[in-house]
Amino acid sequence: MEVIRTHILSKHYGSTHAADKISIHVNQGEIYGFLGLNGAGKTTLIRMLLGMIQPDQGEIFLFGQKLDNTFQRWNDIGYLVETPHAYPNLSVLDNLRVFYKLRNLHNPKLIDIILEKLKLEKYRHSPAKVLSLGNQQRLGLAKALMHRPQLHILDEPINGLDPEGIVEVRNLLNELTQNGSTILLSSHILGEISKVANRIGIVHEGKLIRELDTEALLSQLQKKLIVGTHNNTAAIKILADAGYHATLANNNLIELSDQQAIQFPERISRILVEHDIPLHLLSTFTEDLEMYFLRTIKASKNN
Amino acid sequence: MNALQAEWLKLKNASILWVSFIAFGLAPVMGAVFILIMRDPEALANAGALSLKIEAMGIKPDWNAYLGILTQAIGVGGVLIFGFVASWVFGREYTDGTAKDLLSLPSSRTRILNAKFIIYVFWSLALVISNLLTGLILGWLLQLPMMETEQIIKQLTLYFNTTFLTIIIGTPIAFFALRGRGYLAPLGFVALTLVVAQIIAATGYGAYFPWAVPGLFSGISPEYRESINEVSYAIVFFTGITGYLATIIYWKYTDQQ
């Protein structure tokens with residue numbers, strides 16, 4: 001079942017395309033990661049999904065229902081948009097009580113459960129203004145999760161959390177999807193998003209420039225064989241004669257991107273040693289997600 | 001009801017609540033000081049500019065004069081203090097950064113705004129009732145001469161009618177708080193209306209400027225009070241309704257960045 005579906009969703013501010021014909025779908029139980037630089041359009045899309053911004057063009061369907069003024073299923077959605085804020089003079093408990101009331105909930109245990117789950121129990125009566133950044137993030141998440149929604153729309157949910165908190169949130173997100181929840185999240189921490197998301201959408205300048213599942217993403221990461229010698233010019237010529245495409249990088253190391261070279265680096269070593277060129281370095285390199293992300297954006301600009 | 005309870009939760013721990021009562025409570029205290037000075041010829045002689053002011057206002061040391069001072073404090077001071085209340089109730093969500101949390105909930109935006117308007121009205125009413133009670137206690141301590149029942153009813157009617165007129169003209173402040181995303185724009189608007197009201201009232205057209213009407217109605221200047229007519233009331237109600245509708249429409253239909 002499709003929980004989120006957008007159809008050629010567009011939003012323009014003057015000549016700026018905050019969202020340009022974005023069509024995505026997210027199925028039940030999926031974690032969909034939204035990647036993009038600051039100002040790429042992630043938050044605009046999230047705000048449109050939450051009815052805070054009206055699209056200039058296109059439609060949004062949540063749980064199969066068109067998102068318009070008649071949409072009523074807000075208690076099936078939990079959200080966290082940009083930096084979480086709370087009423088500073090209110091205690092953690094009263095902050096949650098405000099949203100308990102506004103969500104018309106009828107099970108007071110929900111507050112205790114979420115306080116315990118997000119380890120906010122000991123701050124129950126502390127004013128929100130004294131909380132650390134990480135605990136403010138936890139309070140934001142508590143507001144988003146307290147009513148046990150089916151769909152979670154989370155903008156940068158791990159911002160400000162310490163490593164332990166990041167692992168906790170990761171486990172929490174996995175637990176939510178195991179219970180059938182659907183999650184759309186945005187993050188600039190690409191390594192983290194790849195650990196939790198099933199599918200990833202890369203957005204740049206308002207456009208969805210690539211959408212792929214996590215396995216496909218990992219397979220698309222560029223790999224290289226790095227070779228270091230004391231006579232790179234001769235080494236490149238020898239490798240070229242052997243049918244390899246070798247180039248000299250800025251760091252004075254030779255790079256080979258042939259699949260044969262990456263899979264069998266010992267052959268490269270043997271060829272060079274046979275020609276009396278000893279190696280001081282031989283290693284395989286896999287680009288990280290940040291490099292992949294930037295490469296994808298650069299390619300989209302060139303197109 | 002749930003939205004109203006949520007608003008009350010937000011308000012009850014706010015120090016601004018008690019600050020507003022203390023600030024507005026200065027009016028009956030100042031009125032009592034006026035009465036004390038008037039009753040003491042020596043003190044009146046030493047009061048300098050204050051004695052001139054008291055003489056100009058034609059104040060006599062009785063209940064009628066004292067309740068008149070309290071009423072005038074609402075007609076003029078109320079525009080400021082109720083404006084401050086409205087600015088805080090509606091602007092705090094942007095200052096606290098919580099506005100976005102209120103936009104996609106089962107409680108509709110209209111319901112949340114209505115709860116805020118109810119809080120604004122009841123907070124303002126609580127302020128004037130508090131001042132009235134303080135005034136009654138101070139008046140009793142000053143042993144002011146008793147008034148006739150008819151006169152008491154007349155003064156209290158004027159007191160609460162001035163309150164309602166002042167509350168009504170506060171609704172546009174809610175719109176400016178949302179549009180200006182915080183306290184600054186609505187407080188600027190309140191300051192502007194106070195200044196412009198003074199100028200327009202001085203030119204003799206105050207009866208047609210909504211923010212001048214409560215002050216004139218309260219009897220701050222008896223000769224101008226007669227200029228208040230049906231058109232003045234219509235303008236006040238039109239301003240109130242326009243402010244309310246503009247607030248609702250703005251929050252319901254405008255993009256919230």
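How many salt bridges does the count give between chain B and chain A? I took a salt bridge to be a side-chain nitrogen of Lys or Arg within 4 Å of a carboxyl oxygen of Asp or Glu, and I found that the count is two.

**Basis of the entries.** I worked from a predicted model, in which local features need pLDDT of at least 70, side-chain atom pairs count only at pLDDT 80 or more, and totals for chains, interfaces and linings use all residues. Residues are numbered from 1 along each chain as its sequence is written, chains are lettered from A and ligands numbered from 1 in the order in which they are written, and side-chain values use heavy atoms, with hydrogens and water left out.

**Interface.** I looked up one salt bridge, in which A:Lys143 joins B:Asp101 with the closest N and O atoms 2.9 Å apart. I then noted that α1 (2-12), α6 (63-95) and α7 (109-141) of chain B each supply at least two residues of the side that touches chain A; helices here are DSSP runs (H or I, at least four residues), numbered from the N terminus. The most comes from α1(B), with seven residues.

I counted contacts (heavy atoms within 4.5 Å) and found 28 residues of chain B meeting 28 residues of chain A. The two chains bury about 2700 Å² between them, 54% of it on carbon and sulfur atoms. Buried area is the accessible area (1.4 Å probe) that two parts lose on being put together, summed over both.

**B:Thr239.** I placed B:Thr239 in helix α13 (residues 230-253) of chain B. Is B:Thr239 buried or exposed? I recorded it as buried, because its relative accessible area is 10%; buried means under 20%, exposed over 50%, and partly exposed in between (1.4 Å probe, protein chains only). Leaving out residues up to four places away in sequence, B:Thr239 touches B:Thr171, B:Pro172, B:Pro210 and B:Trp211.

**Aromatic rings.** I paired rings of Phe, Tyr and Trp (its six-membered ring) if their centres lie within 6.5 Å, with planes under 30 degrees apart stacked, over 60 edge-to-face and the rest tilted. B:Trp18 and B:Phe21 count as tilted because their planes stand at 35°, with centres 6.1 Å apart. Both lie in helix α2 (residues 15-24) of chain B, three residues apart. I listed B:Trp18 as exposed, at 53% relative accessibility. B:Phe175 and B:Phe176 form an edge-to-face pair, 5.5 Å centre to centre with 75° between the planes.
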